[in-house]
Amino acid sequence: MPNPEIKIVGFAGSLRSSSVNRLLLRSAIQLAPPNMLIEELNIHNVPLYNGDIEDQGPPQSVIEFKDAVASSDGLLIVSPEYNHGIPAVTKNLIDWASRRLSHPGNVLDGKPVSIMTVAGGALGMGTYVQPQIRQVLVYPGALVMPNGDVGISGGMTNFDEAGQLKDDLAISKVKQNLFSFCEWIARLRN
């Protein structure tokens, strides 16, 4: 019996068109197991969270973002680390996704989540941002995969001129993470 298809939505916590985290997300899409489909979410028009905007009814970009997360089997967050912390883009998306008052409510409650990071320096691998992302996902009830986060150093050196992940160790980490994410989702379903 074939495995059921697992639908994952993901975002890169950067608005930069040539973001290495967006390249990592797109590589994950290509490296996903056969039973997993990963869709990159369009986050460019999601405004900064503002309670006044939520009270007036959030814009269509927020509703589409939240609906996509709600209808998925899991969320893949691929985030840079800025100044040893969560970038505003990543935190903003988590804030909107967790809002109970705007349609369709808190879409993180009970949602399986996996985290990946890639940093430009030789030492940076998301060591600081990964636990911070985990921490802000706990309150809205997200079910972050307990281990197997991907942290890659070296920035663009991991990618070829076409933007594809080329480093064998990085490819192995991404594949293992996605395989473990499938198992995590299956465990939670049962």
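When I say that two residues are in contact, I mean that they have heavy atoms within 4.5 Å of each other. Please also keep in mind that this is a predicted model.

Let us take Leu76 and leave out its neighbours within four places in sequence. What is Leu76 in contact with? Its partners are Ile8, Val9, Gly10, Phe11, Leu25, Ala28, Ile38, Ser114, Met116 and Leu178.

Leu76 is also one of the residues with the most contacts inside the largest nonpolar core, together with Leu24, Ile38, Met116 and Leu178. That core has 28 residues. Two or more residues come from each of these elements: strands E1 (6-12), E2, E3 (74-78), E4 (112-118) and E6 (150-152), and helices H1 and H6. Which element gives the most? It is H6, with 8 residues. Another core, of 24 residues, lies apart from this one, and Val9, Phe11, Ile94 and Val113 are among its members.

Now the two helices. The axes of H1 (residues 20-31) and H6 (residues 168-189) come within 10 Å, and they cross at roughly 65°. The crossing is right-handed. On the H1 side, the residues that meet H6 are Leu24, Ala28 and Leu31. On the H6 side they are Ile171, Val174, Lys175 and Leu178. By type, the residues of this contact are 6 nonpolar, no polar and 1 charged.

Next, the rings. A pair of aromatic rings is described by two things, the distance of the centres and the angle of the planes. The structure holds 2 aromatic pairs. One of them is formed by Tyr49 and Trp96, at 4.9 Å centre to centre with 75° between the planes. Planes over 60 degrees apart count as edge-to-face, so this pair is edge-to-face.

Where do the two residues of this pair sit? Tyr49 is in the loop between strand E2 (36-40) and helix H2 (51-56), while Trp96 is in helix H4 (residues 88-98). The pair therefore ties together parts that are 47 residues apart in sequence. Trp96 is buried, with a relative accessible area of 0%, whereas Tyr49 is partly exposed, at 27%.

Last, Asn92, which is also found in helix H4. Is Asn92 buried or exposed? Asn92 has a relative accessible area of 9%, so it counts as buried. Not counting residues up to four places away in sequence, Asn92 touches Val46, Pro47, Leu48 and Tyr49.

Notes:
Residues numbered from 1 in each chain as written. Predicted model: local features only at pLDDT ≥ 70, side-chain atom pairs only at ≥ 80, totals over all residues. Heavy atoms only, no water. Phe/Tyr/Trp six-rings, centres within 6.5 Å; stacked < 30°, edge-to-face > 60°. Helix = DSSP H or I, 4+ residues; strand = E, 2+ residues; numbered from the N terminus. Buried < 20%, exposed > 50% of the residue type's maximum accessible area, 1.4 Å probe, protein only. Axes fitted to C-alpha atoms, helices over the stretch in contact; angles between N-to-C directions. Left-handed = near helix turned anticlockwise from the far one by under 90°. Nonpolar A, V, L, I, M, F, W, Y, C, P; charged D, E, K, R; others polar. Core = buried A, V, L, I, M, F, W, Y, C linked by side-chain atoms within 4.5 Å.
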